[in-house]
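Visitor: I have a structure open on my screen and would like to learn how to read its side-chain contacts. Could you walk me through it?

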Amino acid sequence: MTHPEKKFIGKISHYYPKISVAVVDLEDSLKVGDKIIIERTAGTFEQTVDSIQIEHENIPEAGKGQSIGLKISDKTREGAKVYKVIE
């Protein structure tokens with residue numbers, strides 16, 4: 001199995017387990033529909049970005065320097081690294 005190409009785009013600064021939302025401090029752009037990989041000490045998981053929020057507003061994409069809310073499909077924790085899959 002080949003590993004996908006990936007690019008570091010940010011780190012998780014907060015995680016809200018009750019609503020499965022992570023706050024990601026972006027160092028690169030991200031848009032709805034992108035595939036991401038979240039690397040944490042308990043392993044990694046991959047998912048497609050379904051929605052991005054800033055201040056509870058849905059936005060189609062966000063860029064470097066922004067902090068976004070991201071609905072995630074598995075548990076994570078602060079400090080986990082977020083990568084964008086390069087197809």
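Visitor: Where does the charged end of Lys-6 sit?

Guide: Let's start there, keeping in mind that this is a predicted model. The charged end of Lys-6 sits over the ring of Tyr-83, at 4.5 Å from the ring centre. As for Tyr-83 itself, this residue is buried, with a relative accessible area of 13%.

Visitor: Which parts of the chain does the pair of Phe-8 and Tyr-83 tie together?

Guide: Phe-8 belongs to strand 1 (residues 5–16) and Tyr-83 to strand 10 (residues 81–86), so the contact ties together parts that are 75 residues apart in sequence. Phe-8 is partly exposed, at a relative accessible area of 30%, while Tyr-83 is buried at 13%.

Visitor: Let's move on to charges. What can side chains of opposite charge do when their charged atoms come close?

Guide: They can pair. Here the count comes to 6 salt bridges. One of them joins Lys-7 and Asp-28, whose closest N and O atoms are 2.6 Å apart. Lys-7 lies in strand 1 and Asp-28 in the loop between strand 2 (21–26) and strand 3 (30–31), so this bridge ties together parts that are 21 residues apart in sequence.

Visitor: Are Lys-7 and Asp-28 buried or exposed?

Guide: Lys-7 counts as partly exposed, at 39% relative accessibility. Asp-28 is buried, with a relative accessible area of 18%.

Visitor: What is the distance between the closest N and O atoms of Lys-84 and Asp-34?

Guide: In that salt bridge they are 3.9 Å apart. The cut-off is 4 Å, so the pair counts. Lys-84 is in strand 10 and Asp-34 in the loop between strand 3 and strand 4 (35–40), which puts the partners 50 residues apart. Lys-84 counts as buried at 14% relative accessibility, and Asp-34 counts as buried at 11%.

Visitor: With which residue does Lys-35 form a salt bridge?

Guide: With Glu-87, the closest N and O atoms being 3.8 Å apart. This pair links distant parts of the chain too: Lys-35 is in strand 4 and Glu-87 in the segment after strand 10, 52 residues apart. Lys-35 is partly exposed, at 35%, whereas Glu-87 is exposed, at 78%.

Visitor: Finally, how much space lies in the largest pocket, and which residues lie nearest its centre?

Guide: The largest pocket holds about 290 Å³ of space. Its lining has 15 residues, and those nearest the centre are Val-21, Val-23, Gln-53, His-56 and Gly-69. Strand 2, strand 6 (52–54) and strand 9 (67–71) are the elements that give two or more residues to this lining.

Terms used
Residues numbered from 1 in each chain as written. Predicted model: local features only at pLDDT ≥ 70, side-chain atom pairs only at ≥ 80, totals over all residues. Heavy atoms only, no water. Helix = DSSP H or I, 4+ residues; strand = E, 2+ residues; numbered from the N terminus. Buried < 20%, exposed > 50% of the residue type's maximum accessible area, 1.4 Å probe, protein only. Lys NZ or Arg CZ within 6 Å of the ring centre and 35° of its normal. Salt bridge = Lys/Arg side-chain N within 4 Å of Asp/Glu carboxyl O. 1 Å grid on protein atoms, 1.4 Å probe; cavity = no way out; pocket = protein on both sides within 12 Å on 5 of 7 lines; lining within 4 Å. Points joined across faces, edges and corners; volume = space filled by probe spheres on them.
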